[in-house]
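Subject: Structure handover

Hello,

Here is the structure I promised you. Please open it first, then read my notes beside it.

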Amino acid sequence: MKQIRRPKHVVVKFVVKFFPPDHAQLQEELTRYLFALQVKQDLAQGRLTCNDTSTALLISHIVQSEIGDFDETIDREHLAKNKYIPHQEALEDKIMEFHHNHMGQTPAESDFQLLEIARRLEMYGIRLHPAKDREGTKINLAVANTGILVFQGHTKINAFNWAKVRKLSFKRKRFLIKLRPDVNSSFQDTLEFLMASRDFCKSFWKICVEHHAFFRLFEEPKPKPKPVLFSRGSSFRFSGRTQKQVLDYVKEGGHKKVQFERKHSKIHSIRSLTAQPSEQHTETARAYGDSNDAAAVQSCRQGKELKSSTEDTGQHKSPSLKKSPKEGRKVDGAVVSAVEEEEEPAKDRIQQNRPQSQQPSTAGSLTGSPHLSELSINSQGGPSVANMTLSPNLSPDAKQSSPLVSPLLNDPSCIRADDEEEVKRKRFPTEKAYFIAKEVATTERTYLKDLEVITSWFQSAVSKEDCMPETLKNLIFSNFEPLHKFHTGFLKEIEQRLALWEGRSNAHIKGDYQRIGDVMLKNIQSMKQLTIHLRKHNEILMELENGIRNSRKLETFCRDFELQKVCYLPLNTFLLRPLHRLMHYKQIMERLCKHYPPSHMDFRDSRAALAEISEMVAQLHGNMIKMENFQKLHELKKDLIGMDNLVIPGREFIRLGSLSKLSGKGLQQRMFFLFNDILLYTSRGLTASNQFKVHGHLPLYGMTMEESEEEWGVPHCLTLRGQHQSIVVAASSRAEMDKWTEDIQMAIDLAEKSSDPAPELLASSPPDNKSPDETPVDQESEDDLSASRTSLERQSPHRGNTTVHVCWHRNTSVSMIDFSIAVENQLSGNLLRKFKNSNGWQKLWVVFTNFCMFFYKSHQDNHPLASLPLLGYSLTLPSESENIHKDYVFKLHFKSHVYYFRAESEYTFERWMEVIRSATSSASRTRALSHKEPHAY
């Protein structure tokens, strides 16, 4: 405390200092009330920015807590007298509409719902501090429970988690963040920001020290001993209980329950929230009320620590900001030291973090793992700043992890427990229909992000380069922008329905809001108007590929765009996403109709929605099948060298995979590509782009096939005899051999039915398109194979993570049927992940598509942090001996690599098992075709 010299010019307020990551930690009604008052004040002051719908919903809960149940006359009078936000008049009708839904909700329940909505907003608990980066660009800095954040205006563009930060310091007006060293990163290890003055800089530094200590340390840090002779650095330390100490204190029953009266409320409050989760899950960060409740706060000072903050009435507001400095890449498990102050870079001190089973996760430690290809670590929702290369090292049996992988994922002690899902399970609905509706929302979020790759990222990049004809630009963006606009509104409507469905006190309106069929029917009917745009997608794909073929500049531009982290799949895959999404709607509505009995109130709407979407799918399915094959041929073309005319009319892809080819030098690994007219075999050559060099081809017309294990003494061996050449190949297993045998025989039969043999299809005759007894081929191939092994160690910038490369490293294969099934089996949502030797669970946003799991910190991120290709992995349930005493857990393992994932409900668990099984165990052709329209070979 400091003596205030001129009290007439100072306003003293009680404010919230530390905002916990989850309001479920707040056990006391008084504490929640004080936090609700802070949210109310932040709304009024414009600190808590959000869209109109969220603003109206927040205010509706405030009004419910102050005047009780909805009455239109009273509501209008109350809103006229009380201004919760500037320009409130425009939202009054929407506020009253939401307020009408809160009938019977007590003030305590309203506070809980208010905090539930507010905590999900990006600006919740954020206090902006103006600064500039090294280039002089205006930005805003802020500190939260997770670490230090960088904002451009009110948009977060970067984040430095506590685990990344080694030291915080300041020198005069310069605020310094020293990141943990990373020898494999090109980033600077010290970031510098310029603030308005030394006092502003020191004040922000102190706030960072306090937040770090409160959220990350087990106990209050000890005071720094006074120096005998000279003082170096600041002696400032956080004083007071840490979050863990507060949690333990409340758990042990040390706090006193205080009676209080709500100053603004015209209705009586209840002592406790009856629907509050029963388990004692923690008290909060130090809570501090609004100035309007000084009397109420005064009565509870014994049990709370209050912070008095002085605000000069003449203080200027923060300016709008711009750009972020580069962010450090790696994460580490140790916490930041108690940070030094100023004039000299004092000696680094590191306080080692211990596992925290009760402390809520700060969502700060997230990267890939050994053989999860780390794509980036960047800010939530912000543009990519760093230009990192993608590691091609997918080999699961490599003895060293990829240099792009954080040491956190190899250090089990760094993972902290995150059991907040347990609380959510008790608080949210449990019926299957709710989780089906939630799947609509989670997958729609991913779909909208995929559309933004085209409508935002690709369009922005195209506008900066004069490489695409205007007609092609108009064709692409005029058909994608209406889709993006429609699905943005669709997602908001779904999320609004889910928010009402999840309302803990809305049992009396169950009939109105605990359903999703009506929303789906309304939007699917509206979606029919977009069919004209969906029919253009085959033309878009073909015209773009024609443009790439005719323009080297456009080809280079598209290749460079695919290297951006936001383009996590091949570019032409995003062009087919709208057609794929229709199938997802159809599958979801089929599950919903199967779940509902005919007497259910939502059954009629759900059945009608299913009929509508089935009609749309039937109309567009033929085009989609053709386009999938066209897209796959062009994608494979990028992976091959030595075959310029791979894409020709009538050619269809069947299977690709790794086989061993027998030669005079023994068995050599080769990559085989089977089409309906030809079989190619390639090796991974010494190229900067990790492409596969075509070594030979066998036309299927006139080919015969026979098993030859006994003849050559090689397990799982086949001899393929063409009209001019024969080769001997071996599969890695009997199952792989059966897949290849089935597909090759089917392709031979189809080729025999054609009238003429396939024409010569290679651009030039490959060097080893000779008889099997000529040896120079094998010598060259051996060199190429050796070069491909060493190329794994280099950071190749292109095509190191495609399905072809995964099959090469995992020694497996995948067919077009598998690709078609993968299109149907896409899923998004939150999962908890655990490693074999760790104790805690990490909460991740996971997107499963294209045989791969992509990991994000949250669904708002623009690009994944890491990916895990699942081809070759096994999917099982953990055994008793593994001591995974949790529900809804499945296990993924490949050789020595083991990952556990935990879903939130039985339905989501079954869905994740279903979609992942489609990637980990490819279906036989017979079973695949039994439930799917045959591919037109």
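A residue counts as buried when its relative accessible area is under 20%, and as exposed when that area is over 50%. Keep that in mind for what follows. Also remember that this is a predicted model.

**A buried glycine**

Start with Gly657. Where does Gly657 lie? It lies in strand β12, which covers residues 653-663. Is Gly657 buried or exposed? Its relative accessibility is 0%, so Gly657 counts as buried. Now look at what surrounds it. Leaving aside neighbours within four places in sequence, Gly657 is in contact with Arg670, Met671, Phe672, Trp740, Cys807, Thr812 and Ser813. Gly657 and Ser815 are 158 residues apart along the chain, yet 8.4 Å separates their C-alpha atoms.

Next, go to α2, residues 52-67. This helix has 16 residues. From first C-alpha to last it reaches 22 Å, close to the 22 Å expected at 1.5 Å a residue. Helix α2 is mostly covered, with 14 of its 16 residues buried. Check both ends. Asn51 caps the N-terminal end: one of its side-chain oxygens lies 3.3 Å from the backbone nitrogen of Thr53. Just after α2 comes Gly68, with a positive phi of about 85 degrees.

Then compare α25, residues 906-920. Helix α25 has 15 residues and reaches 21 Å, close to the 21 Å expected at 1.5 Å a residue. Of those 15 residues, 11 are buried, so α25 is largely enclosed by the rest of the structure. Among the buried ones are Tyr907, Phe909, Trp912, Met913 and Ile916. Arg911 is buried as well.

**Two loop residues with positive phi**

His87 has a phi near 55 degrees, which is positive in a residue other than glycine. Find His87 in the loop between α3 (72-81) and α4 (92-99). His87 is exposed, with a relative accessible area of 70%.

Lys895 also has a positive phi, near 55 degrees, and is not a glycine. Lys895 sits in the loop between β25 (889-894) and β26 (897-902). Its relative accessible area is 58%, so Lys895 is exposed.

**Nonpolar cores**

Which residues touch the most other members of the largest nonpolar core? They are Phe458, Ile476, Met520, Met527, Leu544 and Leu582, out of 79 residues in that core. Helix α10 (residues 432-464) gives the most to this core, with 15 residues.

Not counting residues up to four places away in sequence, Met527 touches Phe486, His487, Phe490, Leu582, Tyr585 and Met616.

**Cavities**

How many cavities of 30 Å³ or more does a search of the whole structure find? It finds 17. The largest cavity holds about 200 Å³ of space. It is lined by 17 residues, and the closest to its centre are Thr573, His580, Gln631, Val823 and Asn850. Three helices each supply at least two residues of the lining: α18 (577-595), α19 (603-639) and α24 (816-824).

Best wishes

Key
Residues are numbered from 1 along each chain as its sequence is written. This is a predicted model: local features need pLDDT of at least 70, side-chain atom pairs count only at pLDDT 80 or more; totals for chains, interfaces and linings use all residues. Side-chain values use heavy atoms; hydrogens and water are left out. Helices (H or I, at least four residues) and strands (E, at least two) are DSSP runs, numbered from the N terminus. The expected span of a helix is 1.5 Å times one less than its number of residues. Buried means under 20% relative accessible area, exposed over 50%, partly exposed in between (1.4 Å probe, protein chains only). A polar contact is a pair of N or O atoms within 3.5 Å; within protein, one must be able to donate a hydrogen and the other to accept it, and residues adjacent in sequence count only if both atoms are side-chain atoms. A nonpolar core is a set of buried Ala, Val, Leu, Ile, Met, Phe, Trp, Tyr and Cys residues joined through side-chain atoms within 4.5 Å. Contact means heavy atoms within 4.5 Å. On a 1 Å grid over the protein atoms alone, a cavity is a set of points where a 1.4 Å probe fits but cannot get out, and a pocket is an open set with protein on both sides within 12 Å along at least five of seven lines; lining residues have an atom within 4 Å of a point. Grid points are joined across faces, edges and corners, and a volume is the space filled by probe spheres set on the points.
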